[in-house]
Amino acid sequence: MNLKIRLTLFSTLVFTIIFGLATLVIYWIFYNSSERHLISSLEKNAKIAGIYYLEADEQSPLKHLESKNQYESLVKRAMVAVYNAEGKVSYGGMRFDSQINKDLLSQLKTDKTIYFKTEDSFYFGLYYPDNQGDFFVFVKESSADFDHQLNRLLITLVFVFLVALISIALLSVWLSKYAYLPIRKVIQEIQHKDLSTIQEPLTTIKTKDELQDLIESYNALLRRISENMIIRKNFVSYVSHEFRTPLAGILGSMEVFGTKVRSEEEYHELAETITEHVNFLNQLIGNFLLLTDDQALKRSLETFRIDEIVWDLVPKFSRSFAVPLKVDIQVDEPRYFNFRGNKMLVSLSISNLIENALKYANGQEVLVRMTGVNGRLSLQIIDHGIGIPQAELESVKQTFYRGSNVGKVKGSGIGLSFAQIVFKDQGVDFDIRSNDLGTTVSLLFPQF
């Protein structure tokens, strides 16, 4: 059952319950109101009948005539009976009625008034003490008119209920179709997405409701997936690009040395060259396997310390570069170092940034400075090397782009763009500033 049908059935069911209860309440209120009005009318008729029959000897002819006219206009003689204390009918046309007996008269004397109904009639009794003795006035009225009114009301309510039910069902179908239209558009957009268009966000619908929240959340998810795919794609491109140089070097050296016999010193030099290229390839393969390890990515959310990552990288770069690397920590609160994210990606990105600084430092010291800024950790990588031309600051963030002043320094143009994407994905603010006196890369980690 799809959402549209479910919405229609649900709204129709809710309406049925609410309108059904309302119908019962209306019927019950009308029934009680009509019954109270009928009782009041019967009581009035009983009093008029009592005055007419029992007060004739005490009234003037004119007053009695007035009572007679009132009696005849309101009371049908056949439906009135005045019983004496012995339980016999003294006045009225209702001579025999099986519902009225001595026990009822005894109860009426005690209660003063009595009301009851049978299957086809309503009765009202009034205890009427007089100078001639104790009397009991009974008025009876057929329930035919009362039942007819109730039946008409019931038929009207049922008819209105059925018409309203059909109307609300049709309206619910139309409303659910209208309300479901944005959802259908979203579904169609998702169904037409493939790998080439997955990075394109869904069309935002300004409905200011949960659907808009869903679309915005989905677009945020798409951005994260797209950025993750870009990270992998860039890393594969990085590995493929970097593989060519060492492989070409190894192949060229082997071809040259294969042309003739070489000296021991030349063979030793060849072995060192090949070893250097192989170590570089081994490092690339290790990083590639780490990044493509699905289990590693599933464990992306872990808590670790940024300062520990930096200290772990220092020995590695001390062996690889002759350029001095200094770490300066000016953080009073140890909690500032804590970060929750993908440790492997963050470590790899920081490593790329420090390696870039060392490669282009022009032999001068590279400083890694960590400070606390408004409860957040700030990490700066500062070098005093060749710098980046101002016109190229944005371009160097693009994959494979290298500054025009790098000269013969080896590089792929991927490390910086890779790091930028990773830090954006991890919620770390990234900024790079440079001039002819050096480059400063700033990272501002979110508050833990």
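Modeller: By the cavity rule used here, the count comes to two cavities of 30 Å³ or more. This is a predicted model, in which local features need pLDDT of at least 70, side-chain atom pairs count only at pLDDT 80 or more, and totals for chains, interfaces and linings use all residues. Residues are numbered from 1 along each chain, and side-chain values use heavy atoms, without hydrogens and water.

Biologist: What is a cavity here?

Modeller: A cavity is a set of points, on a 1 Å grid over the protein atoms alone, where a 1.4 Å probe fits but cannot get out.

Biologist: How much space lies in the second largest cavity?

Modeller: The second largest cavity holds about 30 Å³, a volume being the space filled by probe spheres set on the points.

Biologist: And which residues line the second largest cavity?

Modeller: Its lining consists of Arg-335, Tyr-336, Gly-375, Gln-447 and Phe-448, where lining residues have an atom within 4 Å of a point.

Biologist: Changing topic, where does Gly-92 lie?

Modeller: Gly-92 is in the loop between β2 (89-91) and α3 (102-111); helices (H or I, at least four residues) and strands (E, at least two) are DSSP runs, numbered from the N terminus.

Biologist: Is Gly-92 buried or exposed?

Modeller: Gly-92 is buried, because its relative accessible area is 8% and buried means under 20% (1.4 Å probe, protein chains only).

Biologist: Where does UniProt place the feature "transmembrane region"?

Modeller: The unreviewed UniProt entry places it at residues 7-30 and 153-175; such annotations may be inferred rather than shown by experiment. Residues 7-30 are 100% helix, with end C-alpha atoms 34 Å apart. Residues 153-175 are also 100% helix, and their end C-alpha atoms lie 31 Å apart.

Definitions and conventions:
Buried < 20%, exposed > 50% of the residue type's maximum accessible area, 1.4 Å probe, protein only. 1 Å grid on protein atoms, 1.4 Å probe; cavity = no way out; pocket = protein on both sides within 12 Å on 5 of 7 lines; lining within 4 Å.
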